[in-house]
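This report describes a protein chain together with its ligand.

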Amino acid sequence: MGAAAIARPSFAETASPKTYDAAVQITWRPLDPAGGVREIVRAGTLGANSHNTQPWRFTVSEKQITIGPDFSRRCPSVDPDDHHLFASLGCAVENTVQAASALGFKAEQRIEASNSDRITITLDRGQPAHNELAAAIIKRQCTRTEYDGRAVNAEDMDKVRAAGTLDGVQCMLVTDRSRMDAILDYVVQGNTAQMRDPAFMAELISWIRFNDSMGIEHLDGLSGRSSGNPSLPAWIARPLLRFVMTEKGENDKYAKQIRSSAGIAVFAAASNDKAGWIAAGRAYQRFSLLATTLGIRQAFINQPTEVPSLRPQIASYLRLGNRRPDLIVRFGRGPTLPPSLRRPIEAAIDPS
Ligand SMILES: Cc1cc2nc3c(=O)[nH]c(=O)nc-3n(C[C@H](O)[C@H](O)[C@H](O)COP(=O)(O)O)c2cc1C
């Protein structure tokens, strides 16, 4: 069966949202048990992804979903080797697999060749299974705010560590305050280097959606709301940015955010190639879904993995051996922020 037969949009997706809140309601609506393969794809698009560029293409049939890169949505400045792009595909894979089991499919994931660009998920009909990770798909978010500083208990730490240990990925949890401060120091060095790099800043700004109308027009990118920033007209916000978003201001913000967190999770895959990057994304996504079920918030602090000169330094500090530090995330308990948005799945589905 071709994609046209599978990809019939629901009313919710054809109606264009008039407000940010309406777009949130559409994007994060519960998975429809009668929605079949199409809903599994939608769950995939709700995964975390770098700069919310949604850098994926899906090919869909009744028995199979293939997820591949959309290189037109890559970020060459922050992610020149497409590491984050493939990690984002891994996040989509994990949501797809979890949603499949909840919606009555057995899903098996296969990477087409050892270093292929594409991941195929084969679907066999089964019985819908109660799956708390699938239920968390529509509640998960990257929460870029301060947390409450409380520790997470040992039992919950064990659960999130186990969830993040997948496909050979190591999930290291750091809770010692002096080690967290050392990681903060690398984050500050990385953020400073990035903010001094005009190409990095230009790329970042191109994905910022300064106000609600920009957010609902694009349905991608980094909305002010989900970053905890006020909604402003773009013509005011753009020139103001260099006064509001200063090196010191951002570094102080990261210091407060990390010091308010219960700990830091580091994900390091077994191999530094596309298969490893996909696995790291998948492990992170499972970690974040499980954290969501426990009311634990999390947000990325990837700067030391993104600045090439810092990557070996933090790998050595964390004693990762020859593993690449793929993703770094702080976690803890705190409030939620308004969610990010997603494009309708039609924008990401190719004919099979
Ligand atoms: C590989 C990868 C790298 C990311 N890097 C960062 C980062 O360095 N800083 C950050 O604030 N968010 C980062 N994010 C989070 C995305 O910006 C976020 O997933 C996206 O905006 C969608 O928001 P949501 O996850 O809340 O739905 C990253 C996500 C992925 C998958």
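The model is a predicted one.

**Positive phi angles**

Leu-219 has a phi near 55°, which is a positive value in a residue other than glycine. Its relative accessible area is 14%, and because buried means under 20%, Leu-219 counts as buried. His-51 also belongs to this topic: its phi is near 55°, a positive value in a residue other than glycine. The loop that holds His-51 runs between helix 4 (36-45) and strand 1 (56-60). With a relative accessible area of 15%, His-51 is buried.

Helix 4 itself is largely enclosed by the rest of the structure, because ten of its ten residues are buried. Among them are Gly-36, Arg-38, Glu-39, Arg-42 and Thr-45.

**Domains**

The domain assignment of the chain gives domain 1 (3-141 + 339-350) and domain 2 (154-332). Taken over C-alpha atoms, the centres of domain 1 and domain 2 are separated by 21 Å. Domain 1 brings 50 residues to the contact, and domain 2 brings 43 residues.

**The ligand shell**

Which domains supply residues to the shell around the ligand? Domain 1 (3-141 + 339-350) and domain 2 (154-332) each supply at least three. The ligand has 21 residues around it, of which Arg-140, Cys-142, Arg-144, Ser-340 and Arg-342 come nearest. By class, the shell consists of eight nonpolar, nine polar and four charged residues. Helix 5 (residues 83-102) gives the most to this shell, namely four residues.

| Residue | Protein atom | Distance to a ligand oxygen atom |
|---|---|---|
| Arg-140 | N or O atom in the side chain | 2.9 Å |
| Cys-142 | backbone N or O atom | 2.9 Å |
| Arg-144 | polar side-chain atom | 2.7 Å |

On its own, the ligand has 620 Å² of accessible area, and the protein covers 92% of this.

Leu-85 lies in helix 5, the helix that gives the most residues to the shell around the ligand. Is Leu-85 buried or exposed? Leu-85 is buried, with a relative accessible area of 3%. Leaving aside neighbours within four places in sequence, Leu-85 is in contact with Pro-55, Pro-69, Asp-70, Phe-71, Arg-74 and Asp-79.

Thr-192 is part of helix 8 (residues 177-195). A relative accessible area of 15% makes Thr-192 a buried residue. When neighbours within four places in sequence are left aside, Thr-192 is in contact with Glu-247 and Asn-251. With Asn-251, the side chain of Thr-192 makes a polar contact to the partner side chain at 3.0 Å.

Conventions:
Residues are numbered from 1 along each chain as its sequence is written. This is a predicted model: local features need pLDDT of at least 70, side-chain atom pairs count only at pLDDT 80 or more; totals for chains, interfaces and linings use all residues. Side-chain values use heavy atoms; hydrogens and water are left out. A residue is near a molecule or strand if one of its heavy atoms lies within 4 Å of it. A polar contact is a pair of N or O atoms within 3.5 Å; within protein, one must be able to donate a hydrogen and the other to accept it, and residues adjacent in sequence count only if both atoms are side-chain atoms. Accessible areas come from the Shrake-Rupley method with a 1.4 Å probe; for residues, only the protein chains shown count as cover. Helices (H or I, at least four residues) and strands (E, at least two) are DSSP runs, numbered from the N terminus. Ala, Val, Leu, Ile, Met, Phe, Trp, Tyr, Cys and Pro count as nonpolar, Asp, Glu, Lys and Arg as charged, and the others, Gly among them, as polar. Domain bounds come from an automatic or database domain assignment. Buried means under 20% relative accessible area, exposed over 50%, partly exposed in between (1.4 Å probe, protein chains only). Contact means heavy atoms within 4.5 Å.
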